[in-house]
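Here is a friendly walk through the contacts in this model, from single side chains up to whole interfaces. Keep the structure open beside you as you read.

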Amino acid sequence: MLLKRLTMANGVSGNEDEVRNIIIEEIREHVDEIKTDRLGNVIAIKKGKEGFPRVMLAAHMDEVGMIVRSIDDGGFIRFSLVGGIDERILVSKQVLIGKDRIHGVIGAKAIHLQDKNERNTPLKIKQLYIDIGAKSKEEAEKLVKKGDYVAFDSEFIEFGGNLIKAKALDDRAGCGVLIDLLKEEYDVEIYGVFTVQEEIGLRGAKVAAYNADPSFAIVFEGTLCSDISEVPEHSHITKLGKGPALSLMDSYTIFSKKLNQCIHETAVENNIKIQYRQPSPGGNDAGEIHLTKEGIPCAALSVPCRYIHSPSSIMSLEDFEGCKKTAKLFLKGIKKGEYVCE
Amino acid sequence: MNKINAELLKKLLMTFGPSGNEEKIRKVIKEEIQEFADEIKVDALGNLIAIKKGKGKRIMVASHMDEIGIMVTNVDDDGFLRFTNIGGVSPFMSLGQKVIFDDETIGVIGMEKLDDIKDLKLNKMFIDVGLPSKEEVIKKINVGDVASFYSPFIYQNECIISKTLDDRIGCFVAIEALKKLKDTPNEIYFVFTVQEEVGLRGAKTAAYGINPDLGIAIDVTLTGDTPKAEVMDVGLGKGAAIKVKDRSIIVSPKVKDLITEVAVDNEIPFQYEILDAGGTDSGAIHLSRSGIPSGVISIPCRYVHSPSEMVYISDVINSIKLLIKVLEKEKINI
């Protein structure tokens with residue numbers, strides 16, 4: 001399964017090679033032109049017919065993770081975070097370091113050895129370290145270097161009613177959607193971008209949009225989903241299994257009402273479940289894209305994912321398929337002259 | 001006595017337009033200025049751009065059409081609406097206020113029972129539109145719908161009290177300047193921007209498109225003239241404020257001096273403004289492309305981002321005069 005390969009690949013922001021290679025290999029035969037820009041974005045172009053708009057479709061390749069800061073005398077690895085990770089989730093997680101995928105465990109004092117105060121205080125990043133089983137600094141240095149990237153080590157599992165558990169569903173789910181979309185034929189020109197460095201500030205999308213200069217853009221994401229029993233409904237953001245979610249507003253973007261309306265109608269007319277993502281903090285590549293040059297109308301269609309930015313996020317394959325299908329039908333339904341800039 | 005076109009000002013202030021939903025206010029402004037501009041266009045984000053042709057410097061005048069407001073995030077079974085802020089909305093300022101939706105439905109903002117009012121946050125608050133069930137409410141209002149604050153327009157003594165003086169008073173100043181401006185040696189782009197309240201967004205794309213030689217934003221500024229206010233040397237009735245600095249910009253000294261010189265030469269009362277919090281469209285304009293010298297003419301305003309903002313008529317009139325004289329200036333050396 002392609003989604004399994006995508007989530008098992010490691011691509012912490014700034015180090016997207018593994019993911020990029022899978023994507024290029026997967027889409028090469030289906031697009032007219034493919035290139036990697038100076039920041040590392042993969043740009044795939046499918047030519048369109050005359051009089052139809054150019055549409056930028058974006059999904060980010062990078063994931064949150066860590067980076068090696070130093071190795072101490074005992075051979076334990078100190079690290080910094082890359083992107084937004086809740087420090088409290090780190091203890092006891094398995095990780096993979098560097099190109100050679102060196103196994104490591106984020107260690108901490110066993111419960112027996114903690115005093116009362118320690119038990120009540122979540123561990124801070126400065127107290128945490130990665131144990132790679134090395135006996136000394138010298139031994140550790142043979143396996144790991146400063147600046148090596150660290151990714152969560154987490155199996156891709158299918159479980160429950162058509163659900164997936166994996167790491168990096170934010171945003172390999174979006175990459176999966178975009179890859180699939182590039183395998184279809186359209187009248188519109190498709191400017192597909194797999195962006196880098198979204199998790200540390202929408203950086204890849206900024207330069208990609210500058211070059212693309214499209215009529216409008218759609219961002220595909222794995223987004224917040226907090227539909228848990230104790231959470232009041234007005235804080236669910238999205239609900240698992242209720243279809244892909246269209247963004248209304250987040251910290252960076254007020255999304256195009258026209259695009260939202262058309263995409264929503266497409267789903268409803270084709271009996272595909274769709275929901276609106278409740279306005280909430282957070283952001284995605286649209287934040288940079290919509291403010292590029294003279295402005296680019298944007299929509300974001302996302303697969304709801306519980307526990308994003310952790311090693312174990314959960315999504316529904318039904319929402320994933322719904323996202324692909326809705327986008328496909330919407331893009332194929334665009335008529336000559338629609339959305340074309342003056 | 002000072003006179004302004006109160007009818008137009010009232011219309012501007014009472015027209016709906018939370019950030020991202022500027023359709024109605026754009027239409028009102030467009031109709032008002034149509035016959036005075038050589039060319040009018042609307043860009044991809046919705047900025048309204050009115051051009052007055054000329055051969056000198058290209059000057060972008062930015063005043064934002066959008067206002068703060070709220071967006072509905074959920075409708076519960078009993079028909080209460082949960083909401084989030086659009087722009088800087090204080091929970092304390094909102095409590096007990098009324099909001100108005102695009103379809104003119106009015107709602108009241110209430111709160112859950114709290115043991116300590118200090119815990120008041122927007123997610124503990126709701127809007128009540130006086131309908132008994134979700135079923136009834138969603139016929140009119142749904143998730144994603146937006147509302148602005150609702151409060152009357154008051155013209156009392158020598159001041160205006162209203163919602164949304166931030167920044168419809170800036171739009172008013174720009175419109176009046178455009179109307180009174182006869183022949184100008186410069187090429188002026190009057191831009192009524194969108195989405196300023198959520199991050200100077202409209203001004204960013206408009207400035208890129210126009211690529212002006214000089215940018216001037218027209219917006220309200222805070223004052224320091226109320227009891228135990230934070231120290232700030234701006235007061236109501238003391239003239240147009242010429243910005244020196246805020247969070248978004250350090251005004252180019254050349255631009256500050258240019259506006260000051262015009263004010264002095266024309267005996268227009270002015271004060272300098274150094275604003276600790278907040279920013280305005282010039283923050284986005286001055287960083288566009290390879291950099292655009294930019295400044296701001298501010299209208300002093302008390303109680304900004306409340307449903308009862310207050311400005312003095314005399315400051316508004318002086319701001320209009322100052323803007324016109326700057327735009328009419330020949331041989332601007334920037």
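## Charged pairs in chain B

In this predicted model, Lys139(B) has a relative accessibility of 64%, so it counts as exposed. Its side chain meets that of Glu136(B) in a salt bridge, with N and O 3.6 Å apart. Glu136(B), at 31% relative accessibility, counts as partly exposed.

Another lysine–glutamate pair of chain B is Lys179(B) with Glu176(B), whose side chains form a salt bridge at 3.9 Å from N to O. These two residues sit about one helical turn from each other because they are 3 residues apart in helix α5 (residues 165–180) of chain B. Lys179(B) is partly exposed at 22% relative accessibility, while Glu176(B), at 8%, is buried.

Over all chains, the count of salt bridges comes to 39.

## A buried serine

Is Ser94(B) buried or exposed? Its relative accessibility is 1%, which is under the 20% cut-off, so Ser94(B) counts as buried. Ser94(B) belongs to helix α3 (residues 91–94) of chain B.

A polar atom of the Ser94(B) side chain lies 2.6 Å from the backbone oxygen of Ser90(B). If you set aside neighbours within four places in sequence, Ser94(B) is in contact with Val89(B), Ile109(B), Met125(B) and Phe149(B).

## Two domains in chain A

The domain assignment divides chain A into domain 1 (2–63 + 167–332) and domain 2 (65–152). Their centres, taken over C-alpha atoms, are 31 Å apart. Domain 1 of chain A gives 15 residues to the contact and domain 2 of chain A gives 14 residues.

Between them, these domains bury about 1100 Å², with 59% of that area coming from carbon and sulfur atoms. Which three residues supply more than any others of the area that domain 1 of chain A buries against domain 2 of chain A? They are Val12(A), His309(A) and Pro311(A), which supply 41% of it.

The rule finds 1 salt bridge across this domain interface. It also finds 4 residue pairs in polar contact, both residues at pLDDT 80 or more. On the side of domain 1 of chain A that touches domain 2 of chain A, there are 5 nonpolar, 6 polar and 4 charged residues.

## Where the chains meet

Chain B contributes 25 residues to its contact with chain A, and chain A contributes 20 residues. The two chains bury about 2000 Å² between them, 61% of it on carbon and sulfur atoms.

How many salt bridges does the rule find across the interface of chain B and chain A? It finds 1. Lys257(A) and Glu23(B) form a salt bridge through their side chains, at 2.8 Å from N to O.

On the side of chain B that touches chain A, the elements giving two or more residues are β4 (69–75), β5 (81–86) and α6 (201–210) of chain B. The largest share, 5 residues, comes from α6(B). By class, this side of chain B has 8 nonpolar, 12 polar and 5 charged residues.

Note on methods:
Residues numbered from 1 in each chain as written. Chains lettered and ligands numbered in written order. Predicted model: local features only at pLDDT ≥ 70, side-chain atom pairs only at ≥ 80, totals over all residues. Heavy atoms only, no water. Contact = heavy atoms within 4.5 Å. Buried area = accessible area lost by both parts, 1.4 Å probe. Salt bridge = Lys/Arg side-chain N within 4 Å of Asp/Glu carboxyl O. Helix = DSSP H or I, 4+ residues; strand = E, 2+ residues; numbered from the N terminus. Nonpolar A, V, L, I, M, F, W, Y, C, P; charged D, E, K, R; others polar. Domains from an automatic or database assignment. Polar contact = N/O pair within 3.5 Å; in protein donor to acceptor, adjacent residues only side chain to side chain. Buried < 20%, exposed > 50% of the residue type's maximum accessible area, 1.4 Å probe, protein only.
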